[in-house]
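Subject: Two-chain model, handover and findings

Hello,

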Amino acid sequence: MKFLQSVGANTLAKVSAAGRAALMLFGALAAVPKAKNIRLTIRQVYVVGVQSLLIIIVSGLFIGMVMALQGYTILVDYGAEGSLGPMVALSLLRELGPVVTALLFAGRAGSALTAEIGLMKATEQLSSLEMMAVDPLRRVVAPRFWAGMISMPMLALIFSAVGILGGHLVGVDWLGVDAGSYWSIMQSTVDWDKDVVNGIIKSLVFALVVTWIAIFKGYDSIPTSEGISKATTETVVFSSLAVLGLDFVLTALMFGIE
Amino acid sequence: MNKYKTELLVGVFVVMTVGAVLLLALNVANKSMTSDGDTYTLYAKFDNIGGLKERSAVKVGGVTIGRVASISLDKEDYTPVVKLSINQQYGEFPETSSVSILTSGLLGEQYVGFQPGFSFDGVANLEDGDYLQDTKSALVLEDLIGQFLFNRGSEE
């Protein structure tokens with residue numbers, strides 16, 4: 001009896017949390033930034049986007065360099081080091097760009113969003129906004145959500161571009177792959193619609209998932225210091241798992257069947 | 001952090017993204033080449049297309065003049081039909097031209113090699129929708145080895 005009751009209570013809690021999350025997402029989606037409060041969103045693009053630039057550029061550079069180094073040692077055995085360019089470019093554009101950006105974004109910006117909104121809730125700033133007839137969904141949540149949606153695809157594109165340049169640095173400048181074949185085989189292999197646009201679609205989906213989880217976890221956190229720390233951890237864990245799982249599904253849909 | 005500086009840095013962020021998109025579009029995906037203006041269509045039937053794929057290049061003496069638009073199987077005689085879209089600027093090939101499937105390098109990609117034929121009186125130029133008559137199939141390594149062994153066997 002007790003067991004059945006706990007199963008029921010757990011299910012109800014999960015379903016109602018999913019419902020609250022969906023309601024909050026619709027609230028944020030409905031509050032598209034308008035001209036008069038666009039500054040709130042720009043401010044958040046600065047916080048989640050510009051402040052993540054450094055970590056994105058540095059990791060993009062090093063991941064591109066490592067891939068060129070590893071790829072070169074394998075490809076050179078077959079005399080196919082000319083294929084280094086497409087290998088680096090395709091893996092970055094299709095997979096690593098969107099996925100690693102989303103993981104870094106979850107750790108760098110997602111956790112901060114959760115902690116910020118959670119603390120706003122704990123210090124009753126959200127309730128005060130409601131007291132003043134200001135909708136916290138519009139004023140606090142929506143700008144952060146849209147800033148995440150705008151920033152993440154931009155960060156993923158910068159990540160891929162920097163990674164390809166990093167691969168060029170190691171492959172061409174240090175290991176002596178021919179610069180002409182690095183770029184020209186890359187150009188004939190990479191397709192704008194199939195590779196670049198699909199990568200952008202991927203990072204849009206990841207942006208939706210990561211920002212949604214981050215904001216909901218903050219908005220729905222238990223307003224104590226312990227609750228906020230739990231919510232922050234859950235944001236990073238859940239969004240990383242969701243990104244990796246969704247990436248497989250999206251890859252299967254986009255590139256699975258020729 | 002004042003408003004001006006925030007907006008300036010967001011502007012820098014946007015400009016960096018535009019730079020990344022330009023690099024990806026022009027240098028990596030070569031967008032300018034893929035959206036190449038007017039084309040016309042030629043068809044060629046092969047016995048075996050090997051590893052030819054859609055978007056493989058069509059080359060005359062190494063110069064890309066078009067791409068493979070699609071590959072399908074003829075329903076009547078079950079031979080592969082390759083649809084080639086050729087840039088309009090290379091519009092005047094005589095009917096005696098031939099195509100063959102070649103490989104770039106030992107392990108490279110396969111492409112369609114196009115040999116322009118001689119034009120003399122009475123030979124029209126290829127037009128949109130024409131079939132190329134003279135085709136050579138892809139070289140399949142297993143067939144080649146099989147033939148070699150067969151020849152060796154019959155010599156002894």
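The notes below cover the chains, the salt bridges, the aromatic contacts and a few local features.

This is a predicted model, in which local features need pLDDT of at least 70 and side-chain atom pairs count only at pLDDT 80 or more, while totals for chains, interfaces and linings use all residues. Residues are numbered from 1 along each chain as its sequence is written, chains are lettered from A and ligands numbered from 1 in the order in which they are written, and side-chain values use heavy atoms, with hydrogens and water left out.

**Chains**

Chain A has nine helices and zero strands. Helices and strands here are DSSP runs, numbered from the N terminus (H or I, at least four residues; E, at least two). The C-alpha trace of chain A spans about 65 × 55 × 35 Å along its principal axes. Of its 258 residues, 47% count as buried. Buried means under 20% relative accessible area, exposed means over 50%, and partly exposed is in between (1.4 Å probe, protein chains only).

Chain B is built from three helices and eight strands. Its order along the sequence is α-α-β-β-β-β-β-β-β-β-α. The C-alpha trace of chain B spans about 90 × 45 × 30 Å along the principal axes. Its radius of gyration is 23 Å, whereas a compact globule of 156 residues would have one near 15 Å. That radius is taken over C-alpha atoms, and the globule rule is 2.2 Å times the number of residues to the power 0.38. Buried residues make up 31% of chain B.

**Salt bridges**

There are ten salt bridges over all chains. The criterion is a side-chain nitrogen of Lys or Arg within 4 Å of a carboxyl oxygen of Asp or Glu.

One of them joins Glu7(B) and Arg39(A), at 2.3 Å from N to O. This pair crosses between chains, from helix H1 (residues 3–28) of chain B to helix H2 (residues 38–48) of chain A. Glu7(B) is partly exposed at 29% relative accessibility. Arg39(A) is partly exposed too, at 44%.

Within chain A, Glu95(A) bridges to Lys202(A), with the closest N and O atoms 3.0 Å apart. Glu95(A) is in helix H4 (residues 84–122) and Lys202(A) in helix H8 (residues 192–219), so the pair ties together parts that are 107 residues apart in sequence. Lys202(A) is buried, at 0% relative accessibility. Glu95(A) is partly exposed, at 23%.

In chain B, Lys45(B) and Asp77(B) form a salt bridge, with the closest N and O atoms 3.4 Å apart. Lys45(B) lies in strand E1 (residues 39–45) and Asp77(B) in the loop between E3 and E4, so parts 32 residues apart in sequence are tied together. As for networks, salt bridges with shared partners join Glu95(A), Lys202(A) and Asp247(A) into one.

**Aromatic contacts**

The whole structure has four aromatic pairs over all chains. Rings of Phe, Tyr and Trp (its six-membered ring) pair if their centres lie within 6.5 Å; planes under 30 degrees apart are stacked, over 60 edge-to-face, and the rest tilted.

Phe145(A) and Trp146(A) have ring centres 5.5 Å apart and planes at 80 degrees, so this pair is edge-to-face. Phe145(A) is buried at 2% relative accessible area, and Trp146(A) is buried at 19%.

Phe93(B) and Phe114(B) make a tilted pair, 4.6 Å centre to centre with 50 degrees between the planes. Phe93(B) sits in the loop between strands E4 (80–87) and E5 (98–103), and Phe114(B) in strand E6 (residues 110–115), so the pair ties together parts 21 residues apart in sequence.

Two charges also sit over rings. Arg94(A) has its charged end over Phe255(A), 4.3 Å from the ring centre. Lys59(B) lies over the face of Tyr111(B), at 4.7 Å. The test is NZ of Lys or CZ of Arg within 6 Å of the ring centre and within 35 degrees of the ring normal.

**Backbone**

Ala133(A) has a positive phi, near 65 degrees, and is not glycine. Its place is the loop between helix H5 (125–131) and helix H6 (136–174) of chain A. Ala133(A) is exposed, at 71% relative accessible area.

Tyr78(B) also has a positive phi, of about 50 degrees. Tyr78(B) is in the loop between strand E3 (63–73) and E4, and is exposed at 61% relative accessibility.

Best regards
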